[in-house]
Every structure is written in C-alpha cells, then in structure tokens.
Amino acid sequence: MAQNTTSGPMQKYKIVFLGEQAVGKTSIINRFIFDNFTGNEQPTVGIDFISKTLQVDNKSVRLQLWDTAGQERFRSLIPSYIRDSQAAIICYDITNEKSFQNLPRWIEDVKEERGDEVLIYILGNKIDLESERLISTKQAEDKAKELGAQFQEVSAKNATNVAEFFKKLSYELLGNPAEQSQNQQQQQQQPKTQQPQIQLQNQPRIQDNEDKKQGGGCC
Ligand SMILES: Nc1nc2c(ncn2[C@@H]2O[C@H](COP(=O)(O)OP(=O)(O)OP(=O)(O)O)[C@@H](O)[C@H]2O)c(=O)[nH]1
C-alpha cells in the first residue's frame, strides 16, 4: 500500500495524472478543483500541479495533483514525477481506441519507476459521449483487472463520478478501501442523517505559489 509523504496530522499524497493527449486529464482535475468545465483547455505544456485538502474520516488529506502533458515530446519528463508519487491515474477517452490500447505502456512506465508501491487507477473519461463510445465498460474493467489497476469511468464535462472518484482514491490512499469505509460508516450512522465523510476544506489555492505551478513547472 502507498505510504504518505509526511508524518503528523496532515496526510499528504502526490498523485500523477497520465495518459495520451486530449483524453481529458486537465479537465478532470479542473472539474474536481474548480467544479467547472470550459471545453477549451489548451494542451498541457510540461507538467502542472495543484493541491487540494479534503476531510476524509476526520483526517485532513492533502492531494497534490500533477497534470502531465500527453504529447509525446514531453514524455521523457514524466518518469521523475512518477518516481515519488503515491498514486498514478492513467486516463483514456472511451471514444478513442488508441488511448485505451496504450494503457499497458503507461502501466509499464509506472511499474518501472514504482514497482508495486503505488496505487494505480485507470480512468475512462468522456462518458457523456455515450453514442460515440468505442470501449465498453466491461472491456475496460477486464483490462484494469489484467493490469492490476483499479477502474472508474467519469465525465469531466458533466461531472459524473468525478467527486466520487477522488473520494474513493482518498480512502484507498489512507489504507481504507472506499466500500469498506462506507459500509462501516453506514453501520455507525446514528442518526441516519449523518453527513458524508468527505468535505472540501479549502477553496482552490491557485493564488498560493507553493500549491500551483503552471506551464512547465517541471523544469
Ligand atoms: N465531451 C467531453 N469532452 C471532454 C471531456 N473532458 C475533456 N474533454 C475535451 O477533450 C479535450 C482535451 O481535454 P484536456 O483536458 O485538455 O485533455 P488532456 O488529457 O489534459 O490533454 P493534454 O494536456 O494534451 O495531454 C478538450 O477539448 C476538452 O474540452 C469530457 O468529459 N467530455
């Protein structure tokens, strides 16, 4: 299981987003951080990061999200960002077969740097484009199992499953599989109106230079 990078009350995790060009990595992050979707994101140049702190099971969890560029010319930058990450989120576009076929290549890159010491998620994006779907959910689930990764489908555009995905990821990073934690929560609910365990603690922190680097923060 992935280890956090700090001791003390704040659990801090570095999460790297990987995948082919234009699968929606930046859009997924923007949906999570800003809860918006502009539809005209520019290709990421180099590497970009942003942090957000959440409350999960009464613990503060700081997720540092590293957004990598899908363009081939930036590929050589990526391994050093994978190296000290606790989770790798490999994204594909459900309407783009090549982005799915290249998943094993991304997994290899992650395993090469981190072996089994990293949580790997495969994230199928753009499920709002159901009529253009080329990769079935079953096909992707099977592939994720074969590759030893967790799996989720999302839409950055209409927000489907994005918050749920980050919630599950946080539980997993804390060492508590989300379903188990939710079951425990349900058993403990007295009264039944208890609030969800995950809440956004901070507003997006792009003003804070420590937390946000843009446009090739890599070099
Ligand atoms: N329909 C739909 N379009 C999306 C979705 N997510 C992203 N897009 C679009 O897909 C294109 C690429 O999105 P980005 O977020 O820039 O993709 P990326 O993976 O970060 O791209 P690179 O930085 O080039 O690697 C943009 O035109 C987005 O508007 C989605 O969930 N649904």
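Q: How far is a polar side-chain atom of T26 from an oxygen atom of the ligand?
A: The distance is 2.9 Å. Keep in mind that this is a predicted model.

Q: And S27, what does its side chain do there?
A: An N or O atom in the S27 side chain lies 2.6 Å from a ligand oxygen.

Q: How much of the ligand does the protein cover?
A: On its own, the ligand has 650 Å² of accessible area. The protein covers 88% of that.

Q: Which residues come nearest to the ligand?
A: K25, S27, T44, G70 and D128. They belong to a set of 22 residues around the ligand.

Q: What classes are in that shell?
A: There are 9 polar, 7 nonpolar and 6 charged residues.

Q: Which helix gives the largest share of the shell?
A: Helix α1, residues 25–34. It supplies 3 residues.

Q: New topic. Where does the ligand sit?
A: In the largest pocket. That pocket has a volume of about 420 Å³.

Q: Which elements each supply at least two lining residues?
A: α1 and β3, the latter spanning 59–68. α1 gives the most, with 3 residues.

Q: How does the lining split by class?
A: The largest pocket is lined by 13 polar, 7 nonpolar and 6 charged residues.

How values were computed: Residues numbered from 1 in each chain as written. Predicted model: local features only at pLDDT ≥ 70, side-chain atom pairs only at ≥ 80, totals over all residues. Heavy atoms only, no water. Near = heavy atom within 4 Å. Polar contact = N/O pair within 3.5 Å; in protein donor to acceptor, adjacent residues only side chain to side chain. Areas by Shrake-Rupley, 256 points an atom, 1.4 Å probe, with all protein chains shown as cover. 1 Å grid on protein atoms, 1.4 Å probe; cavity = no way out; pocket = protein on both sides within 12 Å on 5 of 7 lines; lining within 4 Å. Sits in = over half its atoms within 2 Å of the grid points. Helix = DSSP H or I, 4+ residues; strand = E, 2+ residues; numbered from the N terminus. Nonpolar A, V, L, I, M, F, W, Y, C, P; charged D, E, K, R; others polar. Points joined across faces, edges and corners; volume = space filled by probe spheres on them.
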